[in-house]
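Biologist: I'd like to learn how to read a fold like this one. Could you walk me through it?

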Amino acid sequence: MTSAPRLSLPRLIAGLLLVLLLGVPALALPGPADASLLHLEGPVPEDLGVRGGSLSPCAAPAHCARADWPRTDPEAALDALVPILETTEGVRIVERDGPYLHATATSRLFGFVDDLELYALPASGVLQARSSSRLGDSDLGVNGRRLAALRQDLPGS
């Protein structure tokens with residue numbers, strides 16, 4: 001009498017991943033914008049946008065970064081960042097309304113979605129920037145690095 005083969009943990013995990021990849025059409029053949037293994041989007045935050053003439057402060061710095069960049073012409077600085085954002089993998093501009101821009105940045109592996117906001121304040125000579133994760137308690141510094149990279153891309157930086 002032969003016994004049934006035992007299912008090892010690695011085989012179980014491999015089988016589950018195979019079922020996920022083959023059983024969910026969106027994951028089976030991802031397009032360029034959805035090239036992540038999973039898509040852990042999360043709800044759109046309620047604190048997006050300009051409130052009281054400014055972007056919202058970060059409620060939790062462990063998964064959010066915010067900066068004010070002094071600029072002679074903040075609107076020109078914002079305009080200079082648009083083509084960079086449009087060609088950055090995983091970034092999609094959701095809204096552009098005058099001095100305000102909202103984009104999402106989706107991580108390649110797990111599909112975590114972060115919200116990126118830019119707001120030009122010509123009267124103050126400041127371009128405000130905010131990047132925040134929708135899910136999780138920590139972003140492992142991703143949002144801060146995103147803002148640092150964008151600042152480096154600004155003309156005159």
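Modeller: We'll take the sheet, then the helices, then the aromatic rings. This is a predicted model, where local features need pLDDT of at least 70, side-chain atom pairs count only at pLDDT 80 or more, and totals for chains, interfaces and linings use all residues. Residues are numbered from 1 along each chain as its sequence is written, and side-chain values use heavy atoms, leaving out hydrogens and water.

Biologist: In what order do the strands form the sheet?

Modeller: Strands are DSSP runs of E, at least two residues, and helices are runs of H or I, at least four, both numbered from the N terminus. Two strands pair if DSSP finds at least two bridges between them. Here 5 strands make an open, antiparallel sheet in the order 3-7-6-5-4. Strand 3 (64-70) and strand 4 (91-97) are at the edges with a single partner each, so one side of each has no neighbour in the sheet.

Biologist: Which strands does helix 3 touch?

Modeller: Contact means heavy atoms within 4.5 Å. Helix 3 (residues 74-86) packs on the sheet, touching strands 3, 4, 5, 6 and 7. Helix 4 (residues 142-153) lies across strands 3, 5, 6 and 7.

Biologist: How many aromatic pairs are there?

Modeller: A ring pair is described by the distance of the centres and the angle of the planes. Rings of Phe, Tyr and Trp (its six-membered ring) pair with centres within 6.5 Å; planes under 30 degrees apart are stacked, over 60 edge-to-face, the rest tilted. The whole structure has 1 aromatic pair: Phe110 and Phe112, tilted, at 6.0 Å centre to centre with 50° between the planes.

Conventions: Axes are lines fitted to C-alpha atoms, for helices over the stretch in contact, and angles run from 0 to 180 degrees between N-to-C directions.
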